[in-house]
Amino acid sequence: MEELTSRKQLSSGADRSSEPESDSCSPTIRVVVVGPPGLLRTALAAVLAATPGFELAGESDPGRHLADGVITGRPHVVLVDLDAIDDPAALTAQLHARLPECAVVVLTSRRTARVLRRALGARVRGIIAKDVPPQELLDQLRLVAEGQRAIDPVIALAALDAAVNPLNEREREVTAAAARGLSTKEIAGQLHLAPGTVRNHLSVVLRKTGARNRWEAVQRAQDAGWI
């Protein structure tokens, strides 16, 4: 009986030693969500609050000045709705000035090269599409908290596809002026060109972008990061 008991104890100890270690020792990732009040922010807050290993450190409306409560929350990651931010560079500059070790991750509904360029220009560490499943979002946040980058693959491919700009310098100038809502005559005056020359440039831009009109050409050029 004693031998049997000893074997059971040894077996029990071996079973416990073979069990995977708990993640309870892993550091909790504190996350602040920045975005307009609404369904998205509420859903993100709920997911973070309910997921082991994460802590909802605060919420804030978008803007140049974050609430003091967000800063004092000492987040590891700030998750920002990029579509609701007018000046992401100013926002990230404020965050990095007060929280140098904090990583900024942006959520976007647009998978374009322009979004990638805008986000990287703001020194963010992650760019994630809004339609990813919750588990994928959490996995990406873990990577960022570990010091890695998280870039949506579709956005990255869009940037690669748009890497070669088909517009020459003058065509970019004309398209950029059209993007500001200037008429053909106004573009001609600003760039010191004849109106007919401006129309010729716009025709070439339409052909190169495959657009049906100048407004569509402007949108495609902006999305591709060509202007």
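1. K130 is partly exposed, with a relative accessible area of 30%; the class covers residues between buried (under 20% relative accessible area) and exposed (over 50%), computed with a 1.4 Å probe on protein chains only. This is a predicted model, in which local features need pLDDT of at least 70, side-chain atom pairs count only at pLDDT 80 or more, and totals for chains, interfaces and linings use all residues. Residues are numbered from 1 along each chain as its sequence is written, and side-chain values use heavy atoms, with hydrogens and water left out.

2. K130 forms a salt bridge with D81, with 2.8 Å between the closest N and O atoms; the term requires a side-chain nitrogen of Lys or Arg within 4 Å of a carboxyl oxygen of Asp or Glu. Because K130 sits in the loop between β5 and α6 and D81 in strand β3, the pair ties together parts that are 49 residues apart in sequence. In contrast to the partly exposed K130, D81 is buried, at a relative accessible area of 9%.

3. K130 also meets D83 in a salt bridge, at 2.9 Å from N to O. This pair links distant parts of the chain, since D83 belongs to the loop between β3 and α4 and K130 to the loop between β5 and α6, 47 residues apart. D83 is partly exposed, with a relative accessible area of 38%.

4. The salt bridges number nine under this rule. One of them joins E216 and R212, whose closest N and O atoms are 2.9 Å apart. E216 counts as buried at 16% relative accessibility, whereas R212 is exposed at 73%. R41, E59 and D61 are linked in a network of salt bridges.

5. The protein has eleven helices and six strands, taken as DSSP runs (H or I over at least four residues for helices, E over at least two for strands) and numbered from the N terminus. Of its 227 residues, 40% are buried. The accessible surface comes to about 12900 Å², and carbon and sulfur atoms hold 53% of it; the areas are from the Shrake-Rupley method with a 1.4 Å probe. Among contacts (heavy atoms within 4.5 Å) between residues at least 6 apart in sequence, 64% join residues at least 24 apart.

6. Strand β1 is mostly covered, with five of its six residues buried. With strand β2 (residues 54–60), β1 pairs in the parallel sense over six bridges, where pairing requires at least two DSSP bridges between the strands; R30 has E55 in β2 as its bridge partner. The unit formed by β1, helix α2 (residues 39–50) and β2 is a right-handed β-α-β unit; right-handed denotes a clockwise path from the first strand over the helix to the second when the strands point away from the viewer. Strand β1 also pairs with β3 in the parallel sense, over four bridges, and V32 stands opposite V78 in β3.

7. Strand β5 (residues 126–129) is covered on both faces: G126 and I128 on one side, and I127 and A129 on the other, are all buried. Four bridges join β5 to β4 in a parallel arrangement, with I128 in β5 as the bridge partner of L107. Two bridges join β5 to strand β6 (residues 150–151), again running parallel, and the partner of G126 in β6 is A150. The chain passes from β5 through helix α6 (residues 134–145) to β6, and this β-α-β crossover is left-handed.

8. Which residues touch the most other members of the largest nonpolar core? They are V78, V80, V106, V124 and I127, in a core of 22 residues; such a core is a set of buried Ala, Val, Leu, Ile, Met, Phe, Trp, Tyr and Cys residues joined through side-chain atoms within 4.5 Å. Two or more residues each come from β1 (29–34), α3 (68–72), β3 (77–81), α4 (88–98), β4 (103–108) and α5 (113–121). Helix α5 gives the largest share, three residues.

9. Leaving aside residues up to four places away in sequence, V78 touches V32, V34, L95, C102, A103, V104 and V105. Another core, of 19 residues, lies apart from the largest one and has V33, F54, L79 and A129 among its members.
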